[in-house]
Amino acid sequence: MPGRAPRSHAADTRDRILAVAVQLFNERGYAGTSIRDIAQRLGMTKAALYYHFASKDMILDAAVRPFVEAFGHVSDLSRVDPPVPARSIIEGLVEAMAGPGALLSAFVDDPSVIYRRIGKGDIASYRDAIVTALAGPEPTPSRILRARCAVACVQAGIFGAALERRTLAAAGAGATGACLGETCPGEAGAGRPLVPEDVRREVVEAALGALGALGPAGDALEPAGDALEPAG
């Protein structure tokens, strides 16, 4: 069986640029990071960097693309017929946020970057499809609200836990085992989720709880009552 074709030098260089850029975005913020900063950290000239990326915005676009694609896969899962259980959708959303979505933690303090780059277009339609699927057939206003809360719960749970781990790591608490779950790297590395598995499981359960009672298969059922139904 033939082996995988070797990666080109240009592809490896692009990956290095993206990795260093994300590291700097985490350290200094997107606005506080310049092309010169990225080039200097890499030990290359600005001209060499511009050969691969014409602007800092193009670097950001390339960096967030894996998350947008992962979010799109969850959206596709939410559209299948027959519908998949809510748990499967939420688990997929958690993995997207904790994996490719790890980059977004670099912009928690700069939401304008998120809205400018991924808060529109396809990503908005993906989010709407996920909310619609979680709300179920013929959803009431209450179920739609619960579905939105479930999606927000995933985002807040993953990023909140990641920021806590980063704070503890920065304070040296990682050496004393004070971090959540497994090790405490402070931030995700290549191929490593943003938060450990036990935290991801807790986030899944919390998001399902936001949807309401759970049935035998782990899927969300119609909550008792519907306080948001319009009167009359």
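Predicted model: local features only at pLDDT ≥ 70, side-chain atom pairs only at ≥ 80, totals over all residues.

Entry 1: I started with Phe67, which counts as buried because its relative accessibility is 4%. Buried means under 20% relative accessible area, exposed over 50%, and partly exposed in between, with a 1.4 Å probe and protein chains only. Phe71 counts as buried too, at 5% relative accessibility. I placed both in helix H4, four residues apart, about one turn of the helix.

**Entry 2: ground rules.** Residues are numbered from 1 along each chain as its sequence is written, and side-chain values use heavy atoms, with hydrogens and water left out.

**Entry 3: the rings.** How many aromatic pairs does a search of the whole structure find? I got three. Rings of Phe, Tyr and Trp (its six-membered ring) pair if their centres lie within 6.5 Å; planes under 30 degrees apart count as stacked, over 60 as edge-to-face and the rest as tilted. Phe67 and Phe71 form a stacked pair, with 5.5 Å centre to centre and 20° between the planes. Next I checked Phe71 against Tyr126: the centres are 6.4 Å apart and the planes stand at 70°, so this pair is edge-to-face. Phe71 lies in helix H4 and Tyr126 in helix H7, so the pair ties together parts that are 55 residues apart in sequence. Tyr126 counts as buried, at 18% relative accessibility.

**Entry 4: H4 against H7.** I then looked at the two helices themselves. The axes of H4 (residues 56–78) and H7 (residues 122–135) come within 9 Å and cross at roughly 35°. Axes here are lines fitted to C-alpha atoms, for helices over the stretch in contact, and angles run from 0 to 180 degrees between N-to-C directions. On the H4 side, the contact residues include Phe67, Phe71 and Gly72, and on the H7 side Tyr126, Arg127 and Ala133 are among them. Contact means heavy atoms within 4.5 Å. I sorted the residues of this contact into nine nonpolar, three polar and one charged. For that sorting, Ala, Val, Leu, Ile, Met, Phe, Trp, Tyr, Cys and Pro count as nonpolar, Asp, Glu, Lys and Arg as charged, and the others, Gly among them, as polar.

**Entry 5: Ile59.** Still in helix H4, I picked Ile59. Is Ile59 buried or exposed? Ile59 counts as buried, because its relative accessibility is 0%. Leaving aside neighbours within four places in sequence, Ile59 is in contact with Ile17, Leu18, Ala21, Ile35, Ile38, Leu49 and Phe53.

**Entry 6: two loops.** The peptide bond from Asp81 to Pro82 is cis, with omega near 0°. I found Pro82 in the loop between H4 and helix H5 (86–98). Glu138 has phi near 45°, a positive value in a residue other than glycine. Glu138 lies in the loop between H7 and helix H8 (141–170), and is exposed, with a relative accessible area of 78%.

**Entry 7: the whole chain.** Last, I stepped back and counted nine helices and zero strands. Helices (H or I, at least four residues) and strands (E, at least two) are DSSP runs, numbered from the N terminus. Of the 232 residues, 38% count as buried.
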